[in-house]
Amino acid sequence: MPKIPRGRRVGQAAVNALRTLLEEHDHIVQEISGQNDFGEDFYVTFTDDDVTSDTIKVQVKGGDSWRRGNGYVVPVDRHRDTWSEGNIPVYCVVYDPDTKKLYWANATQQLRRSGSFHEPRFIGISPNAVLDDTTMGSFVAQARRYVGRYRGRQAVLTHLEEMSGAEFDPADHVLHFVNGDDEDLIFWKCPGDAVATLLLSTQEWEPAWVTLESLMRSKLQLPEPPDGLGAPEIDLLTAEDLGLDRTELMWVAACFASTRQADEGPEGELVECEGCPSCTGEESPEHGSIAADVAHAYVLELILDRIDVEPDLMQRSIRAMREETELEANIVAELGSLETEPRIVRQVHKLSRATVESVDDIEPEAYRLAILYLIQRIYVGGPSLPLDEQVRIIWRIPEPTGRE
């Protein structure tokens, strides 16, 4: 009797496992005809008590041939344009027959982040990207947020992110202005903070840190702040530094005024922003009030200090992360794309003072992957604090007791 090829059996097992999991959580699965290989196997429409309007497409692969040293991959082949430019985002899911587990990645997001100059041959999937009963909630939340990126206010934020390369939190104040020469200005500030970031197309979107006082200082001949009252780690710029004309300066001043009013709320009372140092007195996670290059250099020094003392820190941190069951879905998605690049992974595993002296010696992707492996969270306090108090790290592997 003819035998069914093992590859076909495993492929069908992958389809069955994913369909069963999704339907057990009441999501709607519609299979796409397999007569032609269009790179998608399912439409999945999410439910939340009722049927939502959020739908994704899924490419399912099964078998150990998709396994790699740092996770799993799905070949892009000829599907790049449809996966990256379609109206419905595409997710890749791999079923490992040995572990009997499903692993996921947002293929559309990975391809769009890679840009047109670097076209990856594979979609990377992290071993942490497990899709099961316990992670279904975070997976669905991430997918629905991604589907909704072109709706309402989020559509505006998405457009400005794609234009400037920044990543905004939905709670941030983000305002946009186009001057008479069709040049773009973006005002970006955390609720309650005194320091804002200006992103200008004329400055190639390099972030500029400003306060209302710093912008007006040269215009009004205001004196420099006394020693100890400023923020020496931040290069606060003036209107002249940025080449702002009167109209642009008035717009930025209006942004400060309107966001201050929004922070105060309808009763004139301060609206607390969770984790924002300006309104709660607590530290905020990874906030941009400290100059990025200073923060990166400082965090890298702390990382290299620990690796000097604990040479096996990276390996222990990776093992700890692999056992983490509550990683945020956006971090899991980012791991997939970073761990696919052998060059990046090699840099991370060799990270030490012998290979890196400054942030210029390590690729940004490798630096980011090292942070994801080693650090759970970075908190940044108010800009008036000394640098060693302004930045606080929560390590994935706690520092040895008794260390200064």
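This is a predicted model: local features need pLDDT of at least 70, side-chain atom pairs count only at pLDDT 80 or more; totals for chains, interfaces and linings use all residues.
Residues are numbered from 1 along each chain as its sequence is written, and side-chain values use heavy atoms, with hydrogens and water left out.

Strands β10 and β11 (residues 184–189) run antiparallel and are joined by 6 bridges. Two strands count as paired if DSSP finds at least two bridges between them. Val174 stands opposite Trp188 in β11. Contact here means heavy atoms within 4.5 Å.

## Overall make-up

The protein has 15 helices and 16 strands. Both are DSSP runs numbered from the N terminus: helices are H or I with at least four residues, strands are E with at least two. Of the 404 residues, 47% are buried. Buried means under 20% relative accessible area, exposed means over 50%, and partly exposed lies in between (1.4 Å probe, protein chains only). Among contacts between residues at least 6 apart in sequence, 59% join residues at least 24 apart.

## Salt bridges

The structure holds 19 salt bridges. Each is a side-chain nitrogen of Lys or Arg within 4 Å of a carboxyl oxygen of Asp or Glu. One of them joins Arg322 and Glu339, at 2.8 Å from N to O. This pair links distant parts of the chain: Arg322 is in helix α11 (residues 313–322) and Glu339 in helix α12 (residues 329–339), 17 residues apart. Arg322 is partly exposed at 27% relative accessibility. Glu339 is buried at 4%.

Glu328 and Arg377 form another salt bridge, with their closest N and O atoms 3.2 Å apart. Glu328 lies in the loop between α11 and α12 and Arg377 in strand β15 (residues 375–380), so the pair ties together parts 49 residues apart in sequence. Glu328 is partly exposed, with a relative accessible area of 38%. Arg377 is partly exposed too, at 29%.

Helix α12 also carries Glu334. The side chain of Glu334 meets that of Arg368 in a salt bridge of 2.9 Å, N to O. Arg368 sits in helix α14 (residues 364–374), so this pair ties together parts 34 residues apart in sequence. Glu334 counts as buried at 17% relative accessibility, whereas Arg368 is partly exposed at 25%. Elsewhere, salt bridges that share partners join Asp48, Asp54, Arg144 and Arg151 into one network.

## Aromatic pairs

The whole structure contains 8 aromatic pairs. Rings of Phe, Tyr and Trp (its six-membered ring) pair if their centres lie within 6.5 Å; planes under 30 degrees apart count as stacked, over 60 as edge-to-face and the rest as tilted. Trp104 and Phe139 are edge-to-face because their planes stand at 65°, with centres 5.1 Å apart. Trp104 lies in strand β7 (residues 101–106) and Phe139 in helix α4 (residues 136–147), so the pair ties together parts 35 residues apart in sequence. Trp104 and Phe139 are both buried.

Phe177 and Trp251 make a stacked pair: 5.2 Å centre to centre, with 25° between the planes. Phe177 is in strand β10 and Trp251 in helix α8 (residues 246–264), so the pair ties together parts 74 residues apart in sequence. Phe177 is buried at 17% relative accessibility, and Trp251 is buried at 16%.

## Charges over rings

The charged end of Arg68 sits over the ring of Phe122, 5.8 Å from its centre. Arg149 places its charged end over the ring of Tyr146, 4.0 Å from the centre. The criterion is NZ of Lys or CZ of Arg within 6 Å of the ring centre and within 35 degrees of the ring normal.
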